[in-house]
Amino acid sequence: MKWTHDIVVVGGGPAGCAFTLALRQWNPELRILVLERSDYQAPRVGETLPPQCRVLLERLGVWDDFLEEEHLPAYGALSSWGTEAATAQEFMTTVQRNGWHLDRIRFDKFMAGKVLECGAELWQNTTQANISRLPQGG
């Protein structure tokens with residue numbers, strides 16, 4: 001198989017999709033392939049997107065479309081990482097005022113759609129088995 005891509009992004013979740021959108025803004029000529037092991041149909045653990053993510057979504061050029069997705073507003077978060085003690089974070093005191101409770105399936109499909117809109121290629125239900133450096137580089 002002959003590869004025709006400049007960059008392969010392994011993982012088509014929110015981080016991989018955001019990275020792809022940023023790469024496309026940096027260089028619109030890049031030929032980017034995103035490999036995603038799922039088809040974005042299986043249930044995913046939901047999460048709360050903090051208000052500060054608005055800046056990132058704006059920079060990626062997807063903010064207005066994200067708002068149209070109508071994720072529920074979140075005014076704070078309570079979390080526990082590696083300990084029984086929970087930590088509260090109030091969003092009402094931030095400039096943005098609220099975060100969002102994400103429907104993860106819908107959000108992940110949304111971001112994957114933006115990857116396709118920007119001209120990158122997305123292979124779903126795909127995993128990479130091996131990566132090796134070519135003797136001549138690359």
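Which residues in helix 1 meet which residues in helix 4? Before selecting them, bear in mind that this is a predicted model, and begin with the whole chain in view.

With the entire chain displayed, you have 4 helices and 8 strands, which follow the pattern β-α-β-β-α-α-β-β-β-β-α-β when read along the sequence. The C-alpha atoms fill a box of roughly 55 × 35 × 25 Å along the principal axes, and 33% of the 138 residues count as buried. Among contacts between residues at least 6 apart in sequence, 74% join residues at least 24 apart.

Next, select residues 14–26, which form helix 1, together with residues 104–117, which form helix 4; the two pack at an angle of about 25°, and their axes lie 9 Å apart. Because angles under 35 degrees count as roughly parallel, helix 1 and helix 4 are described as roughly parallel to each other, and their crossing is left-handed.

Now show the side chains at this contact, where Pro14, Cys17, Ala18, Thr20 and Leu21 of helix 1 meet Arg104, Phe107, Asp108, Met111, Ala112, Lys114 and Val115 of helix 4. The residues of this contact divide into 8 nonpolar, 1 polar and 3 charged.

Finally, move to His71, in the loop between helix 3 (63–68) and strand 4 (72–74). His71 has 8% relative accessibility and therefore counts as buried. Leaving aside neighbours within four places in sequence, His71 is in contact with Phe66, Trp100, His101, Leu102, Asp103, Arg106 and Phe107. For Asp103, select the backbone nitrogen, which lies 3.2 Å from a polar atom of the His71 side chain.

Key: Residues are numbered from 1 along each chain as its sequence is written. This is a predicted model: local features need pLDDT of at least 70, side-chain atom pairs count only at pLDDT 80 or more; totals for chains, interfaces and linings use all residues. Side-chain values use heavy atoms; hydrogens and water are left out. Axes are lines fitted to C-alpha atoms, for helices over the stretch in contact, and angles run from 0 to 180 degrees between N-to-C directions. Angles under 35 degrees count as roughly parallel, over 145 as roughly antiparallel, 65 to 115 as roughly perpendicular and the rest as oblique. A crossing is left-handed if the near helix is turned anticlockwise from the far one by less than a right angle, and right-handed if clockwise. Contact means heavy atoms within 4.5 Å. Ala, Val, Leu, Ile, Met, Phe, Trp, Tyr, Cys and Pro count as nonpolar, Asp, Glu, Lys and Arg as charged, and the others, Gly among them, as polar. Buried means under 20% relative accessible area, exposed over 50%, partly exposed in between (1.4 Å probe, protein chains only). A polar contact is a pair of N or O atoms within 3.5 Å; within protein, one must be able to donate a hydrogen and the other to accept it, and residues adjacent in sequence count only if both atoms are side-chain atoms.
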